[in-house]
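Trainee: Pick one part of this protein and take me through it closely. Then place that part in the rest of the chain. Keep it brisk, please.

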Amino acid sequence: MPDVGPNVPDLIPPYLFTLIGVTLILVVTGLAVARYQRGLGKPGGRDGMGGIGDALGPLVELFHPAGYRATQEIKDQKRKAAPSPAKDDDPDDGPFTLLNGRDGMPRTVLLRRQSPGATNPDS
């Protein structure tokens, strides 16, 4: 039989196929991770990610009960509404009032209109 020429697979060493395959897998994995991380930055991108922590809660409670109780206490305190300030604590003589949200953090500033002849209490 006459020799027509070298076979195509003989021109490419076998390790090159493995190298190309591994490189392709790494590039596709890197692109998938980059896309996933960009999705986390969008609004609502992290919704539903805390479910595994609740699923492992019984194991944490079993092996480290003091830490579990402390974590539950912190969660309970975060869920509580902040106590409303008493009316006597903050007299209404200033030019503005901070209105707090349910968590106790300032959410709104209420500005009062000053009469033209009023003096500024801050000066």
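Mentor: Start with a term. Two strands pair if DSSP finds at least two bridges between them. Keep in mind that this is a predicted model.

The part I pick is the hairpin of β1 and β2. Strand β1 covers residues 96-100 and strand β2 covers residues 106-111. They run antiparallel, and five bridges join them. The cut-off is at least two bridges, so these strands count as paired. Phenylalanine 96 has its bridge partner in β2, and that partner is leucine 111. As a general point, side chains in a regular strand alternate between the two faces of the sheet.

Now the turn. Five residues lie between β1 and β2. In the turn, glycine 104 has a positive phi of about 90°.

A salt bridge comes next. Aspartate 103 and arginine 107 form one, with their closest N and O atoms 2.5 Å apart. The limit is 4 Å, so this pair qualifies. In general, side chains of opposite charge can pair when their charged atoms come close. How exposed are the two partners? Aspartate 103 has a relative accessible area of 44%, which makes aspartate 103 partly exposed. Arginine 107, at 55% relative accessibility, is exposed.

What touches this stretch from elsewhere? Alanine 82 does: its contacts include Asp103 and Gly104, along with Arg102, once residues up to four places away in sequence are set aside. Alanine 82 lies in the loop between α5 and β1. In sequence, alanine 82 and aspartate 103 are 21 residues apart, while their C-alpha atoms are 5.3 Å apart in space. Alanine 82 is partly exposed, at 29% relative accessibility.

Arginine 112 sits in the segment after β2. Arginine 112 has a relative accessible area of 26%. Buried means under 20%, so arginine 112 counts as partly exposed.

Now the setting. The chain has five helices and two strands. In sequence order, the pattern is α-α-α-α-α-β-β. The count of salt bridges comes to two. Another joins arginine 79 to aspartate 76, at 3.2 Å from N to O. These residues are three apart in helix α5 (residues 65-79), so about one helical turn separates them. Arginine 79 is exposed at 60% relative accessibility, whereas aspartate 76 is partly exposed at 33%.

For contrast, turn to helix α2, residues 14-40, where phenylalanine 17 sits. Phenylalanine 17 is exposed, with a relative accessible area of 52%. A nonpolar surface patch of about 610 Å² includes Phe17; Ile12, Tyr15, Leu16, Leu19 and Ile20 make up the rest.

Finally, the whole chain. Buried residues make up 3% of its 123 residues. Its accessible surface comes to about 11500 Å², and 62% of that belongs to carbon and sulfur atoms. Take the contacts between residues at least 6 apart in sequence: 7% of them join residues at least 24 apart.

Conventions: Residues are numbered from 1 along each chain as its sequence is written. This is a predicted model: local features need pLDDT of at least 70, side-chain atom pairs count only at pLDDT 80 or more; totals for chains, interfaces and linings use all residues. Side-chain values use heavy atoms; hydrogens and water are left out. Patches are made of residues with over 30% relative accessible area and no salt bridge: like charges are joined within 9 Å, nonpolar side chains (Val, Leu, Ile, Met, Phe, Trp, Tyr) within 5 Å. Accessible areas come from the Shrake-Rupley method with a 1.4 Å probe; for residues, only the protein chains shown count as cover. A salt bridge is a side-chain nitrogen of Lys or Arg within 4 Å of a carboxyl oxygen of Asp or Glu. Helices (H or I, at least four residues) and strands (E, at least two) are DSSP runs, numbered from the N terminus. Buried means under 20% relative accessible area, exposed over 50%, partly exposed in between (1.4 Å probe, protein chains only). Contact means heavy atoms within 4.5 Å.
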